[in-house]
Amino acid sequence: MEDLDLEALELAVRKQVLQLAGTAVEQRLNADTSDERGSRTRCACGQEARLVGRRSKRVQSVLGSLQLQRAYYHCSGCGRGFCPRDEHLGIENTSLSPALTRMVGTVGAMVSFQEGSELLQELAGVPVDAKQVERTAEALGKELAEDERVHSEPMDALALPRTLYLGMDGTGIPLRAEELVGRTGKQPDGSAKTGEVKLCTIWSAESRDAEGLPIRDEGSVSYSAALESACTLDIAAVRSPFAQRVWREATRRRFCQASRRVVLGDGAPWIWNIADEQFPGATQIVDRYHAKEYLSNLGKALYGPTAPRAEQWAERRKEELDTGKFSALLKAIRRQIPRSDVAHRCLHYFQTNRERMRYPEFQAQGFCTSSGVVEAGCKVAIGTRLKRAGMHWTKPGSNAIIALRCAKLSGRFQDFWERRSDRRAA
């Protein structure tokens, strides 16, 4: 026994067992000819298709490669040929079995396509090349994105918390050159290298830390995001694509039914426009970190990036912000306007968002005043997967993977998969 290589034995036995299981499944399916619906059957075009015979198809599955025989019909009216069993088994227009397709969707959502291919080979012993991982994951993500638009039923399995938070933010992802034609950006020549993904995050924070401050409840976070616009013309008859996304997510999470509703953001006008229109009764809070970042940047602009006085000036302003001395804060910023254009922009930011920066009052009510969950969401849901070195996305491809990733991270992939299976069975 001392010479036993357990790892080699495990892998060899697994391979043999999978081969035997694959052979059994293949024989079982091929012995069943009930998919022959007579010499003729109805085609999707409405005309009759003629049985030609049985055709074979190579399908890659979690049990290995399967050679399946299916009844093949051809319609002379539309010129289309089809195998009824393909749709029933979930292998229509694909060479991957449903279980393997699900695995590919999972790895495609979590890691790069090449890494996904390697993981499938190493962990499941199934060879799927990186390009096929990409095609399959993006096709599944596109299907999931459409499902998300259709299904926004309230999730009532869990108790509704007293307070729900809804955060919105944007983060750039690298796009291919053809996707950026005509788009303005921050490059020296005015061009853009990225497109902005808009993210909506909803969570609860009924828990408290040692200091009594609210902290995110485990498992309460959900995400919905896409590379899409949040802008709507005043004369538009419908909401912007992202505003519609926010409403669907709020409906799923029963945001409007919570007794206390809070919208958190970094101060961008588009965030408050959506909040005003869709959640007029919600408390609006500017993320305290972003507000303080404005003060730090102004201090550096006034006294220099490394000057001690810059930090001292900013710290006094932050203390005024934390303690609710807003008039003193505005007065201190206003005095700096003759010295810096940054001060003028900073003053406008604080004046515009004054009611959203009542931090002592918000803290007394037990509200979160930081959008750290949203910031983390931009990194976890978007950045970790779509902003890696060398990546350049198309808009359809990025939105497909974002849809997959948000569904996985929000715990909703299983619901989608069950609906998908039900549609196939029907």
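Q: Is E36 buried, partly exposed or exposed in this predicted model?
A: Buried means under 20% relative accessible area and exposed means over 50%, with partly exposed in between. E36 has a relative accessibility of 35%. Because that value falls between the two cut-offs, E36 counts as partly exposed.

Q: Which residue forms a salt bridge with E36?
A: Side chains of opposite charge can pair when their charged atoms come close. For E36, the closest N and O atoms of the pair are 2.9 Å apart, and the partner is R54.

Q: How many residues apart in sequence are the parts that E36 and R54 tie together?
A: E36 sits in the loop between α1 (6–31) and β1 (40–42).

Q: Is R288 buried or exposed?
A: R288 pairs with D322 in a salt bridge, with 2.7 Å between the closest N and O atoms. The cut-off for buried is under 20% relative accessible area. R288 has 13% relative accessibility, so R288 counts as buried.

Q: Which helix holds D322, the partner of R288?
A: This pair links distant parts of the chain, 34 residues apart. R288 is in helix α8 (residues 288–303), while D322 is in helix α9 (residues 308–322).

Q: How many salt bridges does the structure hold?
A: The pairs discussed above include E36 with R54 and R288 with D322. Some salt bridges share partners, joining E148, E228, R245, R248, E249, R252 and R412 into one network. The total for the structure is 27.

Q: How many residues make up the largest nonpolar core?
A: The residues with the most contacts inside this core are L166, M168, L321, I333, F350 and M357. One of them, F350, touches residues including A291, Y294, L295 and F326, leaving aside residues up to four places away in sequence. The size of the largest nonpolar core is 94 residues.

Q: How many residues are in the second, separate core?
A: Its members include C43, A49, Y73 and F82. In total, this second core has six residues.

Definitions and conventions. Residues numbered from 1 in each chain as written. Predicted model: local features only at pLDDT ≥ 70, side-chain atom pairs only at ≥ 80, totals over all residues. Heavy atoms only, no water. Salt bridge = Lys/Arg side-chain N within 4 Å of Asp/Glu carboxyl O. Helix = DSSP H or I, 4+ residues; strand = E, 2+ residues; numbered from the N terminus. Buried < 20%, exposed > 50% of the residue type's maximum accessible area, 1.4 Å probe, protein only. Core = buried A, V, L, I, M, F, W, Y, C linked by side-chain atoms within 4.5 Å. Contact = heavy atoms within 4.5 Å.
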